[in-house]
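Subject: Structure handover

Hello,

Here is the structure you asked about. My notes follow below it.

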Amino acid sequence: MAFMPFLTAGDPNLAVTTRLIEELSSAGADLIEIGFPYSDPIADGPVIQSSYTRALGARLHIPEIFVAIGAVAKKIRTPLVAMVSYAIIFRIGNEAFVKLAAESGFAGLIVPDLPGDEADEFQTLVGSHGLDLIQLVAPTTPADRSARILKNASGFVYCIAVAGTTGAREGLAPQLADMLKTLRTQTTLPLAVGFGLSRPEQVEQLRGLADGAIVGSAIVRHLEELSTNPGKLEDVVSRLVQYARSIAAAAHTSR
Amino acid sequence: MSSTAVTAGKASSNVPDAAGRFGEFGRRFVPETLMHALEELTVEYARAKADPEFNRRLNELLRTFVGRPNPLYFAERLTEMCGGAQIYFKREDLNHTGAHKINNTMGQALLTMRMGKKRVIAETGAGQHGVATATACARFGLPCVVYMGEEDIRRQKLNVFIMRTMGAEVRPVTSGSRTLRDAINEAMRDWMSSVEDTHYILGSVVGPHPFPMIVRDFQSVIGREAREQSLETIGRLPDEVVACVGGGSNSAGMFYPFVDDAGVELTGVEAGGRGDKPGEHASTLTYGTKGVLHGSYSYVLQDPDGQTMDVHSISAGLDYPGVGPEHSYWRDTGRVNYVNIRDQHALDTVQLVARTEGILPALESSHAIAYAMDRARQRKPNEVIVVCLSGRGDKDVNEVARLTGQDL
Ligand SMILES: Cc1ncc(COP(=O)(O)O)c(C=O)c1O
């Protein structure tokens with residue numbers, strides 16, 4: 001199974017973000033999601049919200065993310081996927097945004113507030129630049145709807161594990177297995193599970209059901225400490241990397 | 001958004017389309033988790049709208065519980081004082097709970113039960129929508145949680161007390177600017193995890209389709225009554241209709257029945273705040289740009305990166321960086337003219353209207369009255385301006401006292 005960690009761009013700053021991208025890449029990440037800080041992220045729980053608030057509080061601007069990613073993407077083989085609100089994309093300009101994303105080396109985009117129904121045109125645009133627009137399927141998505149969404153999906157499928165916002169949770173929702181089984185019959189794309197994953201045991205439980213484990217809040221949470229204690233950087237990085245290795249190990253042994 | 005119809009030209013009242021588009025505006029920009037519930041709501045609302053029993057029940061509640069129809073009142077002394085056009089008030093302040101918000105919450109509470117949902121959530125800014133939701137939920141025995149920014153909890157204490165007395169739980173929101181925008185974020189997040197058994201009673205014509213349509217339809221009772229009452233009392237339609245615009249629900253309800261009456265000028269009044277610099281006002285349709293906020297494509301006060309900007313208004317109900325998509329449509333087609341009124345002018349108008357008419361308007365509504373007075377001075381005495389007096393000012397007495405240096 002693939003290990004797919006998430007990082008917020010610019011928390012605490014882009015230099016740390018790019019360093020962490022390299023560290024995660026060597027710690028066994030198979031794909032890294034880069035969250036673009038947004039002022040009103042309705043799909044995010046407190047941990048990622050605060051992370052976005054910290055990055056925006058440090059006056060991060062969107063064009064700087066592309067510059068930083070452009071520099072680091074060349075150094076690693078791990079694909080990078082942008083997790084970004086449509087509010088940001090539309091404001092920068094759909095065409096301009098996708099062009100910047102492609103030029104800086106992103107392999108795909110996840111746009112959590114652009115549901116399948118609204119995505120047709122944008123999907124074509126993203127595809128024409130050689131990127132994937134990752135589609136999301138939720139526990140509340142009926143089977144006929146997911147079939148429609150997956151018809152022209154590419155890359156992988158982002159399977160939302162729980163109805164709710166991002167954030168670590170204890171177990172896995174009981175309906176998740178059924179949802180994944182249904183999706184298997186609807187697509188040949190890899191299925192990656194996200195929202196709520198934080199422990200190796202949860203990842204192990206996905207064995208045979210999913211092809212990827214997305215871990216966001218549990219990674220980002222490590223960075224909270226830096227807002228009050230920037231001197232702890234080395235400690236924080238080593239703890240984060242150690243944690244990432246434990247999830248990577250669970251993911252990679254549960255193929 | 002290139003697939004959409006050209007908006008320049010005449011505004012149609014036959015909007016939105018099936019995808020929730022008002023011209024190019026509207027649609028649904030929300031997480032997949034909410035999509036099924038929005039589709040269900042769209043279907044169930046269409047059924048309810050066509051169901052005579054639903055309409056009979058709603059109308060009965062509006063008559064016996066809310067107190068509709070409320071009067072169209074000639075503000076005689078205010079008119080004399082301005083020395084121009086005649087000013088009439090549509091008295092939404094006389095509704096049960098003191099504002100227009102209850103027109104929408106009664107309708108949506110009936111929808112909640114029709115859909116078999118067992119719990120209600122809402123956001124509130126001024127607290128009027130929170131009170132109206134808590135009231136509807138108390139009336140029907142539905143558990144109710146209201147999200148409210150901490151800054152608004154401070155500004156609108158009376159309404160917090162009323163909500164709690166009605167049995168609602170008021171959850172303070174401490175993120176961001178601690179105002180209406182953050183309360184909507186928090187309510188949406190609650191809905192992400194509760195959507196299977198919970199209905200979100202959104203309080204203005206904002207958010208993803210079908211909310212802007214549903215809220216407009218339920219609020220249109222304001223404009224329908226005002227239109228009939230104008231024909232009855234003055235024998236013709238007014239020359240101009242004025243309403244304040246926060247998210248835009250009292251104004252949408254007031255304007256919508258007049259959209260096809262080409263001779264009636266429509267004016268929306270936004271919060272001019274302290275000035276015209278970013279962060280000092282909440283005049284989305286004057287200073288905003290096209291963008292996406294809270295699930296809908298409309299005008300937004302945002303920075304060049306698409307981050308929502310902080311806004312300011314003396315009135316908690318107008319203190320919002322977005323606006324309903326139908327207003328953006330009306331703006332771009334030129335059907336409605338949007339202007340703004342500053343904090344101090346609105347504050348002075350509260351006191352002036354209280355003294356000349358014996359009516360204490362809400363700070364939100366006094367923005368509309370202030371503009372109507374300016375306009376009346378420019379118009380002839382045989383002309384008529386109807387203002388939506390969207391709510392009463394009881395909720396604002398603490399804030400007005402504080403701002404005018406008085407003790408309560
Ligand atoms: C009395 C009153 N008027 C107006 C508003 C603004 O909302 P809208 O623009 O949706 O009518 C509010 C909102 O709380 C209100 O309480």
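B:Cys82 is buried, with a relative accessible area of 9%. Buried means under 20% relative accessible area, exposed over 50%, and partly exposed in between (1.4 Å probe, protein chains only).

First, the ground rules. This is a predicted model, in which local features need pLDDT of at least 70 and side-chain atom pairs count only at pLDDT 80 or more, while totals for chains, interfaces and linings use all residues. Residues are numbered from 1 along each chain as its sequence is written, chains are lettered from A and ligands numbered from 1 in the order in which they are written, and side-chain values use heavy atoms, with hydrogens and water left out.

Cysteines
The count of disulfides over all chains is 0. A disulfide here is a pair of cysteine sulfur atoms within 2.5 Å. For B:Cys82, the closest cysteine sulfur belongs to B:Cys244 and is 18 Å away, too far for a bond. B:Cys137 is in no disulfide either; its nearest cysteine sulfur is that of B:Cys144, at 4.0 Å. B:Cys137 is buried, with a relative accessible area of 1%.

The sheet in chain B
B:Cys144 also turns up in a sheet: in strand 6 of chain B, it is the bridge partner of B:Val120. Strands (E, at least two residues) and helices (H or I, at least four) are DSSP runs, numbered from the N terminus. Strand 5 (residues 119-124) and strand 6 (residues 144-149) of chain B pair in the parallel sense over 5 bridges. Two strands pair if DSSP finds at least two bridges between them. The open sheet has 4 strands in the order 7-6-5-8 (chain B), with parallel pairing. Strand 7 (169-173) and strand 8 (198-200) of chain B stand at the edges, each with a single partner strand, so one side of each has no neighbour in the sheet.

A partly exposed leucine
B:Leu360 sits in the loop between helix 14 (343-357) and helix 15 (363-378) of chain B. B:Leu360 is partly exposed, with a relative accessible area of 34%.

One residue in chain A
Where is A:Ile42? A:Ile42 lies in the loop between strand 2 (32-35) and helix 2 (46-57) of chain A. At 8% relative accessibility, A:Ile42 counts as buried. A:Ile42 and A:Leu226 are 184 residues apart in sequence, and their C-alpha atoms are 24 Å apart in space.

Best wishes
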